[in-house]
Amino acid sequence: MHKVDVGLVFSTTGPYGALGRNALAGAQLAIRELAADDAVQIDAHHVDPQGRPELYRSMTAELLAERGIRHLVGGITSWSRKDMIPVLERYGALLWYPCPYEGFEANDHVVYLGGCPNQHLLPLLDRMIAAGHRRAFLIGSDYVWGWETLRIARERLSAAGVEIMGEQHILLGDRDCAEAVTRMAETGCDLVVNSLIGPSNHAFVRAMARLTPRPQLVSANQTEADLDEMGACADGMLSIAPWFDAGGDQGLSGAEAGGTRASCFFATSYVAIHLLAQGIRSAGDDHPIRVFDAIKDRRLDTVLGPLRIDPGNRHTELTPRIAVAQGGRFDVVETFAAPVPPDPYLIQTGQVRTPLAPADRPSLRLVE
């Protein structure tokens with residue numbers, strides 16, 4: 001039997017603590033299920049960085065250097081992941097990252113399980129373009145997820161002839177959204193792309209619900225973990241993810257989660273633990289390179305549906321599902337026919353520039 005120490009790095013307090021608690025619960029459920037496994041036993045060590053970047057660095061270093069841990073599951077924001085990566089590189093460890101993110105990254109010490117823009121944001125925007133929306137307002141949290149998702153949205157929508165009526169960013173945790181809602185309403189937009197997270201997101205959706213008429217609200221990061229806070233104010237909002245708790249049709253439900261509201265954060269963290277255990281069984285130990293080699297480029301059946309981890313960019317093929325919020329739950333209105341290959345740099349997707357395309361690169365000259 002392999003007994004493996006694993007670090008769970010989730011902020012269960014702080015500006016996005018609800019998301020961290022939900023993801024942690026999913027990982028813990030998988031660990032409890034593995035207790036009956038006669039091949040792999042996982043001893044979990046949870047740390048709570050409280051949403052503070054400097055604590056992600058120090059707590060990751062403590063897990064890896066002092067406890068000798070080689071695998072971490074966690075991180076919610078891209079800030080947290082980017083702060084953990086230098087520590088992972090220093091100690092040769094592997095992060096199983098369970099959240100959707102903005103793309104434009106591929107690191108040998110990360111397995112990206114949560115989806116990149118060609119699997120979440122772009123399919124949702126394309127649906128809105130096809131529906132005839134022509135005036136969009138963009139709003140997001142003031143950090144890399146908000147900046148980059150709205151950049152991609154701006155370019156995708158503009159290329160399709162949609163006018164961008166305005167854009168605004170709000171500090172993480174800031175609940176004062178009245179000015180943003182007023183500004184948005186004054187533009188006369190018929191579409192709002194929302195990349196806010198945490199309390200800012202909840203406050204904005206509640207304030208927006210008072211508008212008549214209300215523009216169509218769409219988001220690539222809304223889950224069941226948010227609906228309890230937003231209630232009926234979220235009705236009509238469209239979201240996209242590889243998993244929604246739609247009656248347990250994907251092999252996992254809130255009931256199986258011990259009463260916790262299951263969300264995509266919950267389900268992907270659950271899958272991360274089971275994939276890690278599967279890799280350890282196949283590799284025969286927990287060496288990060290051998291574990292990754294044991295599961296990469298294989299078709300894997302999970303509660304997210306069939307998936308495959310690309311051996312080159314280390315991102316995951318996922319099946320997008322688009323859902324509408326109604327009555328405190330998400331109802332799936334579209335499921336893609338097959339998993340979508342990851343395209344983190346949007347090389348194959350088209351219509352969206354990659355950062356520093358050749359025409360944008362500065363001409364540099366060496367001066368002694």
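## Strands, crossovers and a helix pair

S219 stands opposite S239 in strand β10, and that is a handy place to start looking around this predicted model. The partner strands here are β9 and β10 (residues 238-241), which run parallel and are joined by two bridges. To get from β9 to β10, the chain passes through helix α8 (residues 224-230), and this β-α-β crossover is right-handed.

Now for the open sheet. Five strands form it in the order β2-β1-β3-β4-β5, with parallel pairing. At its edges are β2 (40-47) and β5, each of which pairs on one side only. From one strand to the next, the twist averages 25°. Inside the sheet, β3 (residues 71-74) and β4 pair in the parallel sense over three bridges, and L72 stands opposite L95 in β4.

Here are the facing residues mentioned so far, side by side:

| Residue | Stands opposite |
|---|---|
| S219 | S239 in β10 |
| L72 | L95 in β4 |

Which helices lie across the strands of the open sheet? Helix α1 lies across β1 (2-9) and β2, running at about 155° to β2. Helix α10 (residues 288-295) lies across β3, β4 and β5, and runs at about 40° to β4.

Helix α1 (residues 17-34) also has a helical neighbour to look at: its axis and that of α9 (residues 264-283) come within 7 Å and cross at roughly 35°. The crossing of α1 and α9 is right-handed. Residues of α1 in this contact include L19, A23, L29 and I31, while those of α9 include F265, F266, Y270 and I273. The residues of the contact divide into 13 nonpolar, four polar and two charged.

Finally, a word on charges. Side chains of opposite charge can pair when their charged atoms come close. A search of the whole structure finds 20 salt bridges. One to look up is between R81 and E102, whose closest N and O atoms are 3.6 Å apart. This pair links distant parts of the chain, 21 residues apart: R81 sits in helix α3 (residues 78-91), and E102 in the loop between β4 (94-97) and β5 (110-112).

Terms used. Residues numbered from 1 in each chain as written. Predicted model: local features only at pLDDT ≥ 70, side-chain atom pairs only at ≥ 80, totals over all residues. Heavy atoms only, no water. Pairing = 2+ DSSP bridges. Helix = DSSP H or I, 4+ residues; strand = E, 2+ residues; numbered from the N terminus. Right-handed = clockwise from strand over helix to strand, strands pointing away. Axes fitted to C-alpha atoms, helices over the stretch in contact; angles between N-to-C directions. Left-handed = near helix turned anticlockwise from the far one by under 90°. Contact = heavy atoms within 4.5 Å. Nonpolar A, V, L, I, M, F, W, Y, C, P; charged D, E, K, R; others polar. Salt bridge = Lys/Arg side-chain N within 4 Å of Asp/Glu carboxyl O.
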